[in-house]
Each structure stands twice: as structure tokens, then as C-alpha cells.
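Please look through the sequence and the coordinates before reading on, and keep both at hand while you follow the text.

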Amino acid sequence: MTQIVSAPALEMRGITKRYPGVVANDGIDLDIKPGEIHALLGENGAGKSTLMNILYGLATPDEGEILLDGVPTTIAGPSDAIDRGISMVHQHFMLVPVLSVADNILLGEETMANPIFLDRREAHRRIVELGKRFGFEIDPDVKVANLSVGWQQRVEILKALYREARILVLDEPTAVLTPQETKEIFEVLRRLAAEGHSIIFISHKLYEVLEIADRITVIRRGKVVGSRVPAETDEDDLAALMVGRNVQLVVDRGESHPAGPALTVSDLRVADDRGHEAVKGVTFDVRAGEILGVAGVAGNGQDEMVEALTGLRKPTSGRVELNGRDVTGTGPRELQKYGMSFVPGDRQRFGLVLSFPLEDNLVLTQYDEAPYARGPFRNETAIHDWAKRAIAEYDIRTPSATVSAGTLSGGNQQKAVVAREFSRDLKALILDQPTRGLDVGSIEFIHRQAIAKRDAGAAILLVSAELDEVMELSDRIAVMYRGEIVALVDGPSAQREDIGLYMATGRSDPEAMAATTTSMTAAVAAAAGADAGLTGSSASDAGLDANPDASPDASPGPKTGSGPGNGPDGPDRGGGE
Amino acid sequence: MNTLRRLYALSIIPVVSIVLALLVGSVLIILSSPASQGHLDFLLPLTAYEALIEGATGFSFLNVDPAQHLSFAISFDGTLAARALTNTVAAAAPLVLTGLAVGVGFKAGLFNIGGTGQVLVGGFAAALAGAAVAHQPAPIAVTIAVICGALGGALWGFIPGALKAFTGAHEVVLTIMLNSLAALIIVGLVNDVFKISGPTFARTAGVGNATLPILFGRNGSLGVLIALAVVPIAYTLIYRTTLGFEIRTVGANPSAARYAGMSPRKLIILTMTLCGLFSGLAGTIEILGLGYYPAVFGTSIGFTGITVALLGRAHPVGILLAAILLGAMRAGAPSMQITAHIPLEIIDVIQGLILLFLAAELVIRRLLRIRADRVTPGELKSVARSYGQGNV
């Protein structure tokens, strides 16, 4: 319960912002008290980003005013916002990977001992001191590329603190974090709040909001539709507020009636871009009419496996069969012909051409098939008709079929991909992070569609970093850890904790949990280890589908000795293909 | 989005670039006036540009009397205009083709600066083929020579395309080298193997009946029609066929193209070949207009194609308009030289300035507070990408 009686650190009054055709913010009132963690909740396109852009000086409101400590203020731009103590931690980090932590923090805020040289020593001192104050020891000399995502986030927060931010805006800070990392970040946020910082926390994840926030403001279609205190609300209530109707957070998946194996994978090995073996001999099958979920912390070989299965990457060895046909190393075009559909994890990189009209994106994988093509020519009428149908059937919210896909919100972009990939007669469907970054309404919709496809007899492979999603949808669950499948269990009876343990350690032995820690050195070593493709021997005792360690370049266990700076350099960005 | 706003968003930067180039050009004309006029002449740009317009269109709005007094007097002479416009159109025709050779490349995310080499090889192939069929009936001779010229250019586009696709070598580097290679090999061949005795300078044999027929005016040849016909073909190819969709997808997002089952490798080779074919046609209509291939065939139409493509925003219709504008500048330059005593080269300077301002789009937007639009095609991105990473 919040009984803070001080004046608001920030007050936004009657903020209205109109864009051609839409009112993005419609008289929004928001006040944040000092030391408060205030969650901002809303669907994609509800107006959260616009509101935060106004606060950060990136947009000017048409009406309304902003008060800082009770004083009406005009915020001219991001640098003005920073000067006034407002800082933003973006969802996609704005860090330079090849620079050190200290240099990243200094960037744009160089402390000058004299007009020519940087005062690095003073900067170091302040960074270390700030880290200590908020409960994380950080080595300012480590390259950002060698840090795990969780630590990179801390660097972003430090950057804000270094600039003496009093109001921090965190845009979906947990989207890229593991449950463990999320806990740690929450600890940091609580300490920040305890020191009097005000935090605006933007998230889609209802249970997180309930856990961390002091107050929750819900925005729908540009208006504040409600304000709640966690103790007086629950997930269903928040979801209903957000979407404007009752939402089924967990889609009723019913019972599956699987037939024979449709997609069979045996001893598949795949190398990553740098030639390290990322997938180390996985074997599984997906039966027609079932959903096999692959759980795992991001970066454990899932991307490479999916790319190999969908023809984007050639496996080094192993065999993939689709309905009895050997499709190992077959390209995307042929796989599509054989009835495979693929919803890629990175919709903006693979799934869509953002600069193209929505309707062109809706035929991106069918453009050369009838009726969308007539001989060598495109059939614009057929494309347009299908686009109209898809927009209606899949509830894609767009002004028209001809606006470029890049102007749509993330949820609607994903619906477009789903509309395209689900709409054909398919035998196997690979869903890679199908709901990443989406709001509850879109998630519910996509989950329903997936279940419907399953019941229509499709074999579905679901790869997701969201454990909840895997748990909710899967008939069977495989856990991937360092390129291997370390567990393969029945979906409905699986225990969340067990799966989480396999995800974090590759085995069911709780002692291994000691490996996860808040210490910087261990985090760096772990990141470096995963980076170099080091193979722990941990998988062999996990049983089930585990593959005994057979990797030729395997080192004996994780190298704990490789401290900061000793790890291999980050992803090779200079390289060619 | 309505059509008018779209049109504005697409054309504002080219228009501003032209205006700025003309303004800076006039400063240079004023600064150089002591050399040409004997004194600093602040009105010289006006006279110069007026003469340029008159030379390109036959339309005159200034009267300069012998005492250097200016007065406005609109005059229009039908025959003069017909001749001027024919000159403009004839100068524009090869630029349309070299512009397309760059613009279509941009659509696939490729920066083809091998126009010059492709023009030379295309022209040379047309000259050799033309000489071989010089005594056939004209329709047959012209058809064969034109086809050979186009194929010659296509070959010179195919080579860098294949090298890029299979080795990952950068198309900018490849095409620059192939420009020199083409120029030197052909000069060698014309001076040696294919030199004919008779003329005082080295040249290949005449193309006889393969010479492009003049359809209108003094120099309005079949080449103008060829260039005009290619514009709708290119438009249809890019925007109305599935192949064009593949080309545009590879250019806009190579990863998505791979995901969609397209073959970036095949498309790179195909697009570069097509670009070479367009340039080859440009060289063909130049050489088949001239009637033979001279050892000293200096041509800038290949490089001018880059300006044309950027000015036309890589769209076939825009390229047509841009080519007509630059063609008009070519056609009007001699009249400017005669009337205002300004060297022809000022046209190259203005053209270079246009390119400079087009390339500095971000700076221009910032300075003139022109809002970024969302309809800009990715052509400038391909230019930038060409220097950074060129891989697919």
C-alpha cells in the first residue's frame, strides 16, 4: 500500500497528442511520487510509447503540461530531459559492444579533467561507487560485448544513474532476461526506489508488474482506463482493463490426439556463424497433431536448430525427415512446397520486409504461387483480395492494406506473419518465439490459432524463451541446454520448477544452481563460456534424450578462471558472410 | 497516403538539390566572370542559364543587346525549338538507359558503377556486329547489331555479378576495375586487331546498314525510341512481375528474401546482367548513331547514370524525367558557351553539385528542416551500404 505523502516527482496533466488519423494520447494524467515504482501497462499501440516520448522530449504534446516537483516544465529534447534528471533505459540497449563499461557510460557525458583528456580515473571511481551503492559490483574495464544481457541492462541503468537521473523510465526491461536475471534486476530497482528514485516500469508481463510495482496505471487507446494497487488487483483484472474485455490468459488447449511422427530429427548437428558447434546432436520427433515445446535460455542453440530445420542453415550432420521424406539441408522454397510453415523469431529481420506494403508482406512466401502470380506476373487483384481477407480474419489493425509493414505495431506485424504462415495447407509448423514482445490480447489470439492448427493435424514445434508459453501450449516439452536436449517430458504434467532447473543448469540437481550468482566475474565467465561454445559434461547425467558429450572441441567443464577481460572477444561484427 | 503528398515526399530532395546546385553554380559563374567577361558580372548567371534553356528548348525570355543591357522579351521560334528539343531528347536517350542500369541495381541493393565499362563493351560489340552485317537489309542489320550490343553490355554486368555472388567480392570494386579493363582492352583492340586502313585515326569498320535510322529532326534516331520503350519494360519488370518482387525483396531485406525461399545469389547475377544490358544498349545507340567505334571513345554517360538514378529516385519514371533534365543541360550547353562565353565544363560542375546535394540528403533535411518521409525508396541506403558491408 502506498501512503507516501510527498509531492509528485513527476506529474503529467491532460496530455493529448494527435497524429494524422489517431489520437495517440487523449488527456492522460499520470503522477509519480518520489521513491515509487509505477508500472505503465497497456497493449501495443495503446499510447505508452507516445507518452514516454513526450516525457523524454522526443515529441511535443498538443495539449497538457508536465510538472517536475510541482513546477511546470517544457522538455525540449532528450538532452534537456537528461539535464532535468529524466533517463530512459531502452528495450534495445544503446550500448557500444566493443567499448568498455566505463567508456559506454562516459559516452556523451565525458568528464573532462582538462579540455583535452578524459578523466577516466574519476569516472571509474564514480562507477564503482554507484555500483556498490545499488548492490552490484561492476568492473568498469570489461568490454560490454563480454557481458550477459542482464549485466548489459545494469550498465544501462548505471548510465542513467551516472547522469544523476531521478526519474528512470524502463521500457520492457525484462523482455530479454531470464527469470533469475529478472529477480536480480528487481532487486536493483527496489534499492533505487528506496534511495528516492522514481521508476516508470513499462511491461506486458502482468505477474511482474504485480510483483514490482507500487502502483499500476493502465492505458487503453490513448486513455487512462484505470489505476490499481497490486494488493487490490490480480492478473485477470489487469488483463481485462488492458484489453477492454475478459481475456483468457491461459488458452484452453484441450487434449491432443497425435498421429504418427511428421517431423523427425535425428542426431542433428549445426555450427554457428563462427564455426563452433551450436547444436550438438539433437534427436526428437514431432507427431502430427501435437505441439512439442522447446524450452531453454536464449542462446543455447535454439536459433541454429530452427535455422537448420527451416533450410536457412546447412546442418553439419544428422538427418531431418518431413513425413518420411529426407529434407536434410533442403532450402526454404522446397520445404514450403512440402508443407512446412515457419514463423521466424525475428519478425523484422526475417518475417517481414518493413518497407514493403502490408499486402506484399502477406504473400512474401507465396508470391510466386497461384493465384498471387499469373505466369511471370503478379496478380495484384488476388493479392489485394487476400490481404483484405487476412486483415479481417486475423484481426490485423491497420489503416489499409497498402501501408508499409514498418508502420504497424509489433503485435499487428506478428499477426501478419501468422496470417501468412497459418493460411496455407500445412503439415509442419515451426513457431520461433511467436509472441515475443506482444500484448496479452495478441498472445491469446496467436495461441488460439496454434491450438486450432494442432487440432487440424499439424505437427508444431514451438521454440520459446518464455517458459510460461511453452508450459501452456506444449503437449511435450524438450529442454535445450548448451546445444543439447537435456530433458524431454510430458507437457501437462511437467513442473515449472523442474523445467526451470534444467534450463538453468542442464540437469535436475539443485546444487548446480550455485552457478548462478550475482557476482560479476562469474557472470562474465559464464557469458564467455557460452560464447566460445564450451561444452560442459553436465548433460550426460540428465537422462532422457541427453546426448553424451561427443564434441571434439569440448573443454572440461565451464572455465571459471576466465575472469573479466580474459574472455574471448564478443561476436565478430567485422566479418563477412 | 494521398498521391500528392507521396509525390512531394519523393521529389522534394531532388528538386532542392537541383535548385541548390544551380545557385552554387551561379556563384561559380560570377566568380569566373572576370576571366570570360573581363569584369565581375553579377548578371552572368542569368544570361548563362537563359542561354542554356534556350539551347535546350528554343524558348527565350531575355534579350541581350550589344551594350550588354538586359531586357525581358519572350520569344519562341518553332524551327529553333524543334531542333533544340530534338537535341535534348537525343542527349537524354542514352542517359535513360544508363540511369536504369544504376537504378535497377539499387532496387536489388547493388551499386553498379560499372556503367562506363558496360557502355564501352556494349558499343564495341554493336560496332563489330554492325560491321559484320553492314550489307544486310537495314532492319535485319540494325536488329542484329542492337541485340549484340545489349548482350555485350550484359556480359560486362554478368561478370561482376557472378564474382560477387560466388566469392563475396564487392560489386563497387569489381565494376570500377572492369571499367578500366574494358577501356584498355578495347583501345588495344581498336588500335590493332580491328583497325581499318583509310581514316586518319584508328577506328573500326563502318556499320553500314546497321546505322540507326534518323526518325525525326537532325539527330532524332531510333535510339530515342529504344530508350523510351525500355522505360515501361523496366517498370513492368520491377513492379509487376514476381521476378521484380524478388529483386526488390533482396534489396530491401536479404534475410527475408532467403527466408521466403528466394536465391539472393541468383538474383544478384541476374540483376547485374540486366544492369549491364541497359548500359550496353546505351553504348549501342551511341555507336550505331556514330557509325563506327573510334579508338578515342571518351564517354561520361555511364557515370552520369548514377546522378540520373539518384535524381530519379531509382524509379523508371523518375529516371526518365531526370535523364531529360540532364539531357537538356547537355543539349543547351553549347548555346550557353556561345552566348555567355562560359566553358561547357560548368555543366559537369553543376551536375556534380546535384550529385553532392543528393548524397548529402541528411544534411539538406537538417538544414532546411524537411521532415524525413517514409516513402523514400532505399536507393541511398544501397549507396551507403556499398561502402560498408556488401554481403548478402
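This is a predicted model: local features need pLDDT of at least 70, side-chain atom pairs count only at pLDDT 80 or more; totals for chains, interfaces and linings use all residues.

Residues are numbered from 1 along each chain as its sequence is written, and chains are lettered from A and ligands numbered from 1 in the order in which they are written.

Chain A has 18 helices and 22 strands, where helices (H or I, at least four residues) and strands (E, at least two) are DSSP runs numbered from the N terminus. Of the 577 residues in chain A, 47% are buried; a residue is called buried if 20 or more other C-beta atoms lie within 10 Å of its own, exposed if 12 or fewer do, and partly exposed in between, with C-beta atoms placed from the backbone. Two residues are taken to be in contact if their C-beta atoms, again placed from the backbone, lie within 7 Å.

Residues up to four places away in sequence aside, A428(A) touches A262(A), L263(A), V286(A), L322(A), G339(A), M340(A), A458(A) and A459(A).

Where the two chains meet, 25 residues of chain A are in contact with 18 residues of chain B. On the side of chain A that touches chain B, α10 (332-337), α11 (347-351) and β18 (377-378) of chain A each supply at least two residues. The residues of that side divide into 12 nonpolar, eight polar and five charged, given that Ala, Val, Leu, Ile, Met, Phe, Trp, Tyr, Cys and Pro count as nonpolar, Asp, Glu, Lys and Arg as charged, and the others, Gly among them, as polar.

Several loops of chain A deserve a look at the backbone. Most residues other than glycine have a negative phi, and most peptide bonds are trans. A cis peptide bond, with omega of about 0 degrees, joins A370(A) and P371(A). A370(A) lies in the loop between α12 (358-361) and β17 (373-374) of chain A, and it is exposed, with 10 other C-beta atoms within 10 Å. N323(A), which is not a glycine, has a positive phi of about 50 degrees; its place is in the loop between β14 (317-322) and β15 (325-326) of chain A, and with 17 C-beta neighbours inside 10 Å it counts as partly exposed. Q433(A), also a residue other than glycine, has a positive phi near 45 degrees and lies in the loop between β19 (428-432) and α15 (440-455) of chain A, where, with 23 C-beta neighbours inside 10 Å, Q433(A) counts as buried.

In chain B, the 30 residues of helix α5 (residues 138-167) should span 44 Å at 1.5 Å a residue, and the end C-alpha atoms are 43 Å apart, which agrees; the expected span of a helix is 1.5 Å times one less than its number of residues. Just after α5(B), G168(B) takes a positive phi of about 80 degrees.

Helix α7 (residues 222-240) of chain B has 19 residues that should span 27 Å, and its end C-alpha atoms are 27 Å apart, in agreement. Its buried residues are G223(B), V224(B), I226(B), A227(B), V230(B), A234(B) and I238(B). Seen down the axis of α7(B), these buried residues fall within an arc of 150 degrees, so they line one face of the helix, the arc being that of the directions from the helix axis to the C-beta atoms. The face turned away from the buried side of α7(B) carries the exposed residues A229(B), P232(B) and I233(B). The cover over the buried residues of α7(B) includes α3 (78-107), β4 (220-221), α8 (242-252), α10 (264-290) and α12 (316-340) of chain B. One of those buried residues, A234(B), has 26 C-beta neighbours inside 10 Å, and, leaving aside its neighbours within four places in sequence, A234(B) is in contact with L100(B), V104(B) and P316(B).
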